[in-house]
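User: Can you walk me through this model? Start with the surface, please.

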Amino acid sequence: MLYYLFRYLESYGISGSGMWQYISFRGLLTLVLSLLISMWFGQYFIKWMKKRNISETQRDASIDPYGVDKKGVPTMGGIIILIATLVPCLLLGRLRNIYMLLMLGTTLWLGLIGF
């Protein structure tokens, strides 16, 4: 979405708006924004999950000796990953690109299957 805004601003000759045409610039911003979203949103999401007592159940040590220490750990960390991936792509991506649309559709589809 921001790609089209800055493309529009570039037609008026506003300096610096041409940087949004470069995929490397948008890719770097997407990386930074996804890290910030995952850190900020993840912190509050985990606290919200712990407050609602939505967590892993205790497993039998004979069945899963490595997962015994996971008692009390909130589940659904994939929601954090989905939001940290989709929001920057929607904000900074070219939404008329077929590969971007395929990536967004596939990510949502597989995220809903995993949910």
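Analyst: Accessible areas here come from the Shrake-Rupley method with a 1.4 Å probe. The chain exposes about 8500 Å², and carbon and sulfur atoms supply 68% of it. This is a predicted model, where local features need pLDDT of at least 70, side-chain atom pairs count only at pLDDT 80 or more, and totals for chains use all residues. Residues are numbered from 1 along each chain, and side-chain values use heavy atoms, leaving out hydrogens and water.

User: What share of the residues is buried?

Analyst: Of the 115 residues, 21% count as buried, meaning under 20% relative accessible area with a 1.4 Å probe.

User: How do α3 and α4 cross?

Analyst: The axes of α3 (residues 78-92) and α4 (residues 98-114) come within 11 Å and cross at roughly 155 degrees. Axes are lines fitted to C-alpha atoms over the stretch in contact, with angles from 0 to 180 degrees between N-to-C directions. The two helices are therefore roughly antiparallel, a label for angles over 145 degrees.

User: And which residues meet there?

Analyst: From α3, L82, L86, C89 and L90 meet M100, M103, L104, T107, L108 and G111 in α4; contact means heavy atoms within 4.5 Å. By class, that is eight nonpolar, two polar and no charged residues. Leu, Met and Cys are among those counted as nonpolar, Asp, Glu, Lys and Arg count as charged, and the others, Gly among them, as polar.

Note on methods
Helices (H or I, at least four residues) and strands (E, at least two) are DSSP runs, numbered from the N terminus. Angles under 35 degrees count as roughly parallel, over 145 as roughly antiparallel, 65 to 115 as roughly perpendicular and the rest as oblique. Buried means under 20% relative accessible area, exposed over 50%, partly exposed in between (1.4 Å probe, protein chains only).
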